[in-house]
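Opening my notebook on a new structure. I'll jot down what I look up, one topic at a time.

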Amino acid sequence: MSGLRIPLGGPDGSGTAHALNLLAPNPSVMTLEGTNTWVIGPGEEALVVDPGPDDPSHLRRIADHLAGRRVRVILLSHGHRDHSGGAERLAGMLGAPVRALDPRHRLGDEGLADGDVLAVGGLELHVVGTPGHSFDSLCFWLPEDRALLTGDTVLGRGTSVIASDGDLADYLRSLDRLRATVEGVGAQALLPGHGPVLTDPIGALDAYIARRRQRLDQIREARGRGAATPREIVEIVYADVDRSLWSAAEMSVRAQLAYLDG
Ligand SMILES: [Zn+2]
């Protein structure tokens, strides 16, 4: 792959020949260094994936970066506020529509769904439906760079959670589908919604899938030892995880219990 960019200081400025990360200033335990806004485009035309939160300084930086270029569209990997919150304001600044799977997050007439192909300045971007982290999660395949934008379905570090609007069975299917996709097309980079670029897509997906299976086994085992509530299961399965992450872990355990009992 030509033009892989991996700066030493963190995800800001990382990417591939035609995908550049502008990191939003919203770091937290859930968002890692912050939300990765991706600018895709080879020249005078561009599109934006995930404006990030409604942070005027971040949105101004995106608009300044795109000055003089025609921005065709703003895409959302999903509707969570740390990805979509700035969409309306950025759309106003750039004069571009917003396309998303969830109609509530669109600005303009066009939706966005699995199988759609967008064109920008001679490049293609293919939409891959990957429900699970949230019901409306999408990934985007950029064949020119052999790169897959993964939103919150695969993060650059740690693991993704199943949010309250997500579903673990869907998520496991989506991971299997992405695993087959990246192998089939020969993807060489994953560009996540949070954290650094991943340069071993198959290895990253195998680790995600194995980790999910392992957690399900651990939850079955914890229940076998008498843990009943999500909190009791978290105290056993996530004993070695920092307590600041336990509420997220509890959400994840709820999703896994729904899966196991579904
Ligand atoms: Zn999310």
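**Pairing around strand 8.** I began with strand 8 and strand 9 (residues 138–142), which pair in the antiparallel sense over 4 bridges. For my own record, two strands pair if DSSP finds at least two bridges between them. Strands (E, at least two residues) and helices (H or I, at least four) are DSSP runs, numbered from the N terminus. I looked up one partner here: G129 bridges to L138 in strand 9.

On to strand 7 (residues 117–120), which is joined to strand 8 by 4 bridges, also antiparallel. In that pair, A119 has E124 of strand 8 as its bridge partner. The hairpin of strand 7 and strand 8 has 2 residues between the strands, and G121 takes a positive phi near 50° there.

Buried means under 20% relative accessible area, exposed over 50%, and partly exposed in between, with a 1.4 Å probe and protein chains only.

**Ground rules.** This is a predicted model, so I note that local features need pLDDT of at least 70 and side-chain atom pairs count only at pLDDT 80 or more, while totals for chains, interfaces and linings use all residues. Residues are numbered from 1 along each chain as its sequence is written, and side-chain values use heavy atoms, with hydrogens and water left out.

I looked up an open sheet of 6 strands, in the order 1-2-3-4-5-6 with mixed pairing. Its edge strands are strand 1 (15–16) and strand 6 (98–99), each pairing on one side only. Inside the order, strand 2 (residues 19–23) and strand 3 (residues 36–40) run antiparallel, joined by 5 bridges. There I found A19 partnered with I40 of strand 3.

**The zinc ion.** Which protein atoms are its donors? I got H78 (NE2), H80 (ND1), H133 (NE2) and D152 (OD), lying 2.2 to 2.3 Å from the zinc ion. Donors are N, O and S atoms within 2.8 Å of the metal (3.2 Å for Na, K and Ca), and water is not among the atoms, so sites may look incomplete. Along the chain, the spacing of the donors is H-x1-H-x52-H-x18-D.

**S84.** This residue lies in helix 2, and at 4% relative accessibility it counts as buried. Contact means heavy atoms within 4.5 Å. Leaving aside neighbours within four places in sequence, S84 is in contact with G52, L76, H78, G79 and H105.

**Helix 7.** The buried residues of helix 7 include W246, E250, V253 and L257. They pack against helix 4, helix 5 (201–224) and helix 6 (230–237).

**Whole chain.** Buried residues make up 51% of the 262 residues. The C-alpha atoms fill a box of roughly 60 × 40 × 35 Å, taken along the principal axes.
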